[in-house]
Amino acid sequence: MNKLQPTNAPVNLGRHRRACSICAHAQCEDIDAAFIAWRSPAAIAEEFGLSDRASVYRHAHAFGLFPKRQRNVRAALEKIIEKAGEVDVTAAAVVAAVQAYSKINAAGQWIERTEQVSLNDLFDRMSTQELEEYAQSWKLPRWFTAIAQSATGNDGQE
Ligand SMILES: [Zn+2]
């Protein structure tokens, strides 16, 4: 695998399927669903007995699961809110997540009287490294929470 390959490079699906342990997996659909629901690829690999999380990323890339997952912003926010009791998430991030969740419609669009911010755009702006860190530790980049908070007109004190 060439690591320098751009993530939007076309994938030969036939070739992917022959080499992919997830495509051949009896629970392939469950794995796809877990990925779209923002389960961490490491946790998915462990739960479904996959060799490593890189295979999850390769499979997700081949089937266009990243944009699907990015549109599923509400699931991501639910995860942050759920995880708040288990791991170190900054209070500001949780506050921003709860506020965002209450303002996002089913299409993942931010509904605000004065200003409309699409969280999809924020997730789109995250680098692969930031997404990876988010998947691992639920840490959102500082700029992300800053934008989310300014969009809600809240400085995180309330
Ligand atoms: Zn696959």
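Student: Is Y57 buried or exposed in this model?

Tutor: The model is a predicted one. A residue counts as buried when its relative accessible area is under 20%. Y57 has a relative accessible area of 19%, so Y57 is buried.

Student: Which residues of α4 are buried along with Y57?

Tutor: Helix α4 covers residues 53-62. The cover over its buried residues includes α1, α2, α3, α5 and α9. The buried residues of α4 are S55, V56, Y57, H59, A60 and A62.

Student: Where do the residues on either side of this helix deserve attention, and what is the phi of G64?

Tutor: At the start of α4, the backbone nitrogen of A54 has a side-chain oxygen of D52 within 3.0 Å. After α4 comes G64, and its phi is positive, near 65 degrees.

Student: How many aromatic pairs are there, and what is the geometry of F35 and F66?

Tutor: The count comes to two aromatic pairs. In the pair of F35 and F66, the ring centres are 5.2 Å apart and the planes stand at 80 degrees. Planes over 60 degrees apart count as edge-to-face, and the pair of F35 and F66 is therefore edge-to-face.

Student: Which parts of the chain does the pair of F35 and F66 link?

Tutor: F35 is buried, at 1% relative accessibility, whereas F66 is partly exposed, at 22%. The two residues are 31 places apart in the chain. The parts linked are helix α2, which holds F35, and helix α5, which holds F66.

Student: What kind of pair do Y57 and F66 form?

Tutor: The ring centres of Y57 and F66 are 6.0 Å apart, and their planes meet at 10 degrees. F35, Y57 and F66 form one aromatic cluster. Planes under 30 degrees apart count as stacked, so the pair of Y57 and F66 is stacked.

Student: Which residue lies over the face of W38?

Tutor: W38 is in the loop between α2 and α3, and its relative accessible area of 2% makes W38 buried. The phi of W38 is positive, near 70 degrees, although W38 is not a glycine. At 4.3 Å from the ring centre, the residue over the face of W38 is R69.

Student: How far apart in space are K139 and A93?

Tutor: K139 is in the loop between α9 and α10, and K139 is partly exposed at 48% relative accessibility. In sequence, K139 and A93 are 46 residues apart. In space, their C-alpha to C-alpha distance is 8.2 Å.

Methods: Residues are numbered from 1 along each chain as its sequence is written. Side-chain values use heavy atoms; hydrogens and water are left out. Rings of Phe, Tyr and Trp (its six-membered ring) pair if their centres lie within 6.5 Å; planes under 30 degrees apart count as stacked, over 60 as edge-to-face and the rest as tilted. Helices (H or I, at least four residues) and strands (E, at least two) are DSSP runs, numbered from the N terminus. Buried means under 20% relative accessible area, exposed over 50%, partly exposed in between (1.4 Å probe, protein chains only). A charge sits over a ring if NZ of Lys or CZ of Arg is within 6 Å of the ring centre and within 35 degrees of the ring normal. Contact means heavy atoms within 4.5 Å. A polar contact is a pair of N or O atoms within 3.5 Å; within protein, one must be able to donate a hydrogen and the other to accept it, and residues adjacent in sequence count only if both atoms are side-chain atoms.
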